[in-house]
Amino acid sequence: MAAVAASEPEVIRDKAAMRAWSRRRRAEGKAVAFVPTMGFLHDGHLSLISAAVAASAGPVAVVVSIYVNPSQFAPTEDLATYPSDFAGDLRKLAATGAVAAVFCPPDLYVRGCAGRPAGAPAGAVSCLEEADGNAHETWIRVERLEKGLCGSSRPVFFRGVATVVAKLFNIVEPDIAVFGKKDYQQWRVICRMVRDLDFAIEIIGSEIVREADGLAMSSRNVHLSREERDKALSINRSLVNARTAVLNGNNHSQQIKDQIVRTLTEAGGQVDYVEIVEQESLVSLERIDCPAVICVAAWFGKVRLIDNIEIQTPS
């Protein structure tokens, strides 16, 4: 028990306290490695912590944030039902023995002034907008990379993601930050934001972690019924088959995409998108003749799942 207690991370809720903590660790000669999450942690999240430790050549202090960001959810999306288990998350993080601090702020945004009418203005695009003109109004857009893929059906999403990650970077002041490649477009958006805004942070993309049956780990999987979960296995199956087809010589993107759509539809899924894009620019490819990634989003029941598979084309 003593060993477990010794590994329990410090819980920090205040922004200034978090910033001061990181600066003390750096003064001690440690790199600060950061893993941002929205909680309800699973093994995929825990793999990001392992990647954070491995990314530093010397002593490292790992910080995990737990914050469900309202600005990346449209009013019609699942902010209110996003799963949460803070006590369970802390137990999982302590069990790793690798997390030094958990940053879980009550709110990261300036809200409207007390006493003024609440409520969102007409045309609000996220769950954060308020009618009060004194509320948060500064946003970061990665203008080209946020378009297409998830950005087509979730136009507010990447504006919210880029903004909250920039805020977290300014608070935590990490040397290293780790993002999962399951959210492939998000990872690329953050890489581009860091490059363009001169954040002195190394961004690590960590590989997708899957369940034993191939389903990509996601906090939203808990909302799938057993039948829906079985049907959702068609996502990974279709991606693996597609990669095999490409490596066997079929480089026609439309043929590959059509087959994936058929597989998902026949399994009972409602396809949001299937796209084949260049890995860094996310530009659509008619022929798969360069390093590519096949990205999929589909609904099974009321749960929207995303997944992808990278393809390194033969030279």
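Which residues of α8 are buried? The buried residues of α8 are Ala-232, Leu-233, Ser-234, Ile-235, Asn-236, Ser-238, Leu-239, Ala-242 and Val-246, where buried means under 20% relative accessible area, exposed over 50% and partly exposed in between (1.4 Å probe, protein chains only).

## Basis of the model

This is a predicted model, in which local features need pLDDT of at least 70 and side-chain atom pairs count only at pLDDT 80 or more, while totals for chains, interfaces and linings use all residues. Residues are numbered from 1 along each chain as its sequence is written, and side-chain values use heavy atoms, with hydrogens and water left out.

## Overall form

The protein has 9 helices and 9 strands; these are DSSP runs numbered from the N terminus, with helices being H or I of at least four residues and strands E of at least two. Its radius of gyration is 20 Å, close to the 20 Å that the globule rule gives for 315 residues, so the protein is as compact as a globular protein of that length. The radius is taken over C-alpha atoms, and the rule is 2.2 Å times the number of residues to the power 0.38. The C-alpha trace spans about 55 × 50 × 40 Å along its principal axes.

Of the 315 residues, 50% are buried. Among contacts (heavy atoms within 4.5 Å) with a separation of 6 or more, 71% join residues 24 or more positions apart.

## Nonpolar cores

In soluble globular proteins, nonpolar side chains tend to be buried together. A nonpolar core is here a set of buried Ala, Val, Leu, Ile, Met, Phe, Trp, Tyr and Cys residues joined through side-chain atoms within 4.5 Å. The largest one has 46 residues, and those with the most contacts inside it are Val-63, Phe-103, Phe-169, Ile-190, Met-193 and Ile-203. Helix α6 supplies the largest share of this core, 11 residues. Another core lies apart from it and has 25 residues, among them Leu-224, Ala-232, Val-246 and Ile-309.

Three strands form an open sheet in the order β7-β8-β9, with antiparallel pairing; two strands pair if DSSP finds at least two bridges between them. β7 (270-278) and β9 (303-311) stand at the edges with a single partner strand each, so one side of each has no neighbour in the sheet. Neighbouring strands are turned by 10° against each other on average, direction ignored. Strand β8 (residues 292-300) pairs with β9 over 9 bridges, and Val-293 has Glu-310 in β9 as its bridge partner.

Helix α8 (residues 226-247) lies across β8 and β9, at about 20° to β9, whereas helix α9 (residues 253-266) lies across β7 and β8, at about 155° to β7. Axes are lines fitted to C-alpha atoms, for helices over the stretch in contact, and angles run from 0 to 180 degrees between N-to-C directions. The buried residues of α8 pack against α9, β8 and β9. After α8 comes Gly-249, with a positive phi near 115°.

## Individual loop residues

Arg-154 sits in the loop between α5 (150-153) and α6 (157-172). With a relative accessible area of 9%, Arg-154 is buried. Not counting residues up to four places away in sequence, Arg-154 touches Gln-72, Phe-73, Glu-77, Arg-220 and Arg-304.

Phe-40, in the loop between β2 (31-37) and α3 (43-54), has a positive phi of about 50° although it is not a glycine. Phe-40 is partly exposed, at 25% relative accessible area. Asp-198, in the loop between α7 (184-196) and β6 (202-206), is not a glycine either and has a positive phi of about 60°. Asp-198 is exposed, at 66%.
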